[in-house]
Amino acid sequence: MKTYNWKHIIYLILSNWRHLFCFDVPNPLNSWEECAFGFHWLHHRKLFFMSSFGRGKMKMRLRKPVLVLLFLTVVAPIALYTDRLATFSSFSTYEFIQEPSKLSLHRDVRPLNLHPQELSASQEPFDDVYLENLARSIQHPDGERSRKTRKLNEESKRQNDNPIRQVVTLEELAENKENDKLKATQTETKKEGKSIEPAKTKSKKADEHVLTDTRVKYLKDQLIRARVYLSLSATRTNTQFIKELRLRMKELQRALGDATKDADLPKNANEKLKAMEQTLAKGKQIQDDCTAVVKKLRAIIHSTEEQLRVHKKQALFLTHLTAKTVPKGLHCLPLRLSTEYYSLDSSAQQFPNQEKLHHPNLFHYALFSDNVLATAVVVNSTVSNAKDPSKHVFHIVTDRLNYAAMRMWFLANPAGEATIQVENIEEFTWLNASYSPVLKQLGSQNMIDYYFKTRKSESDSNLKFRNPKYLSIMNHLRFYLAEIFPKLSKVVFLDDDIVVQKDLSGLWSIDLKGKVIGAVETCGENFHRFDRYLNFSNPLIATNFNPRACGWAYGMNVFDLEEWRKQNITQVYHSWQKLNNERQLWKLGTLPPGLITFWKRVYPLERTWHVLGLGYNPSVSHREIEKAAVIHYNGNLKPWLEIGIPKFRGYWNRFLDYDQAYMRDCNMSP
């Protein structure tokens with residue numbers, strides 16, 4: 001083996017690394033001629049070294065220059081090459097993102113022939129995946145990701161002439177990225193001990209919601225078809241088929257039971273369904289006359305509709321009956337209170353502050369009711385929300401049976417600083433049949449027969465207008481406010497089925513602008529217009545009123561009694577009552593005559609003063625109720641009845657103390 005001394009090694013280094021001055025490193029010379037001159041100089045220096053190295057005295061003098069030369073020829077190129085790598089790896093991510101179609105790893109890759117919209121749509125997922133792989137390939141050039149990157153670039157080069165394929169590749173990359181993210185999320189969730197269910201689309205959820213009772217409906221449909229086959233003459237003669245069909249019907253009825261959705265069905269419901277389907281298929285082969293089947297189905301539909309009509313009528317009658325029935329607790333309470341009242345001394349039976357009853361500057365309310373508990377809620381809710389309860393005066397008028405009970409309740413449960421007056425309607429001696437046409441009508445035999453006759457052929461189809469409460473004059477006292485309160489100039493009328501939620505003193509400051517009554521109009525619903533209550537086939541009604549005129553609501557109304565007297569409202573009411581002696585203009589009630597009597601005399605109040613419908617409409621919004629000053633349980637579903645709407649009962653119950661002694665004695669609870 002040939003050996004080399006250090007002189008030969010220096011010669012080889014100088015010979016093989018001279019190209020570094022002109023090619024691989026930035027050239028420090030100014031021209032190729034100067035580069036050639038540098039090589040010529042190096043060649044002569046080499047001969048000089050070869051001739052002088054034999055001399056021992058030159059060794060020490062040449063050692064330092066040689067070391068410097070070695071540094072310049074070996075270490076400097078390495079440093080320059082490392083700098084070039086640093087320059088390559090320092091390209092910003094922004095430059096790659098801006099030109100994703102021009103990326104290359106020392107390859108000649110042409111730009112992707114994509115339209116601008118396609119490029120922008122596919123740019124984001126491509127950049128993320130590609131840059132991630134690129135960074136890892138630089139860090140681990142021999143790793144698995146480096147091989148994947150090289151393979152990806154080779155495929156990109158082969159498919160460079162096919163832009164459609166390139167777009168698909170980008171979409172695949174984006175899809176792979178989403179899958180990787182999903183897997184990572186699942187892995188993290190599993191580590192936390194949670195489970196992930198596959199995502200379901202809204203449409204699937206909607207379909208599942210719709211199809212929750214599909215099998216139940218199909219089973220019921222099979223029962224109907226089976227009944228049809230039982231009644232057809234062609235299948236009825238086939239005893240074997242009829243026996244099998246009856247057996248299947250019993251099995252199906254047991255499986256169906258009271259189920260309303262598929263989840264309620266037993267496990268063997270599918271087997272029963274298939275068995276019945278096979279039996280019905282036999283019946284279809286026996287009975288091939290479609291006309292007979294159609295006739296029978298039509299008969300079943302007609303019979304079902306008739307049954308539905310009868311049930312609806314019965315339900316309506318029972319609802320009205322329940323609404324007019326006095327619950328046991330409400331029957332016990334007035335009896336208990338009356339007994340207690342008559343045991344008091346005469347001095348203890350009097351209310352305080354009676355001097356305020358006719359003070360014109362106070363806030364006066366009129367309540368006409370025979371329901372002690374309902375009246376208590378009205379008074380309690382009004383006083384609880386009043387800014388100055390001492391200015392509020394309540395004038396309560398009731399009948400003879402409940403007079404003692406009503407007085408005893410407010411004696412035992414004072415309304416704070418408010419003033420209470422309880423009067424007996426029997427004391428209004430001026431209100432008699434000779435003065436009031438409505439009293440004369442209510443006492444007539446014709447009216448009594450209308451309410452109490454039992455012949456269905458002559459009964460009125462609308463049970464609403466056959467309410468026995470219309471036989472009571474209590475319901476018509478609202479048309480005699482000017483006579484009941486001759487010394488007052490303004491009064492607020494309140495029904496006993498309302499709850500007050502805000503201070504009502506602002507009602508007395510409203511300017512009615514010459515109108516007699518202030519009320520909330522009910523134009524939003526078609527059944528609250530004039531043609532709903534009045535008989536416009538009668539010429540008297542048709543010529544004087546507009547059928548589409550807006551109705552309004554009793555329950556919370558402001559009355560200007562001075563204007564009432566000026567316009568002689570009571571006489572207007574009497575004249576129309578006389579014309580309606582045979583109930584040709586309207587059915588009995590108080591709203592139809594009110595619409596007529598106060599025609600063009602109503603000042604519309606803001607809707608927030610009075611919200612209606614809590615006694616028949618479950619869809620009254622909570623937000624509307626909270627904004628209202630007064631909420632009205634008009635309808636049959638009163639809050640003190642068991643049939644009352646449960647979600648509205650709380651507004652009424654909160655103004656009652658069920659721990660009160662009389663309430664406990666009558667076993668009354670919320």
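Is Leu 72 buried, partly exposed or exposed? Leu 72 counts as partly exposed, because its relative accessibility is 49% and the exposed class starts over 50%. The model is predicted. The protein has 670 residues, and 41% of them count as buried. It holds 27 helices and 9 strands.

**Overall build**
- The accessible surface of the protein is about 40500 Å². Carbon and sulfur atoms own 54% of that surface.
- Take the contacts with a separation of 6 or more: 73% of them join residues 24 or more positions apart.

**Nonpolar patch**
- Val 68, Phe 71 and Leu 72 make a nonpolar surface patch of about 290 Å².
- Leu 72 sits in helix 3, which covers residues 59-89.

**Disulfide Cys 332 to Cys 666**
- The protein has 2 disulfides. One of them is formed by Cys 332 and Cys 666, with sulfur atoms 2.2 Å apart.
- Cys 332 belongs to helix 14 (residues 328-341), while Cys 666 is in the segment after helix 27, so the pair ties together parts that are 334 residues apart in sequence.
- The torsion about the S-S bond is about -75°, so this disulfide is left-handed.
- Cys 332 is partly exposed, at 25% relative accessibility. Cys 666 is buried, with a relative accessible area of 7%.

**Disulfide Cys 523 to Cys 550**
- Cys 523 and Cys 550 also form a disulfide, and their sulfur atoms are 1.6 Å apart.
- This pair links distant parts of the chain, 27 residues apart. Cys 523 is in the loop between strand 6 (517-519) and helix 20 (530-533). Cys 550 is in the loop between helix 21 (539-544) and strand 7 (556-560).
- The link of Cys 523 and Cys 550 is left-handed, with -125° about the S-S bond.
- Cys 523 counts as partly exposed, at a relative accessible area of 28%. Cys 550 has 18% relative accessibility, so it counts as buried; the cut-off for buried is under 20%.

**Backbone with positive phi**
- Most residues other than glycine have a negative phi.
- Asn 568 is not a glycine, yet has a positive phi of about 55°. Asn 568 lies in the loop between helix 22 (561-567) and helix 23 (569-579). At 43% relative accessibility, Asn 568 is partly exposed.
- Asn 667 is not a glycine either, and has a positive phi of about 55°. Asn 667 lies in the segment after helix 27 (661-665). Asn 667 is exposed, with a relative accessible area of 68%.

Notes
Residues numbered from 1 in each chain as written. Predicted model: local features only at pLDDT ≥ 70, side-chain atom pairs only at ≥ 80, totals over all residues. Heavy atoms only, no water. Patch = residues over 30% accessible without salt bridge, like charges linked within 9 Å, V, L, I, M, F, W, Y side chains within 5 Å. Areas by Shrake-Rupley, 256 points an atom, 1.4 Å probe, with all protein chains shown as cover. Salt bridge = Lys/Arg side-chain N within 4 Å of Asp/Glu carboxyl O. Helix = DSSP H or I, 4+ residues; strand = E, 2+ residues; numbered from the N terminus. Buried < 20%, exposed > 50% of the residue type's maximum accessible area, 1.4 Å probe, protein only. Contact = heavy atoms within 4.5 Å. Disulfide = S-S within 2.5 Å.
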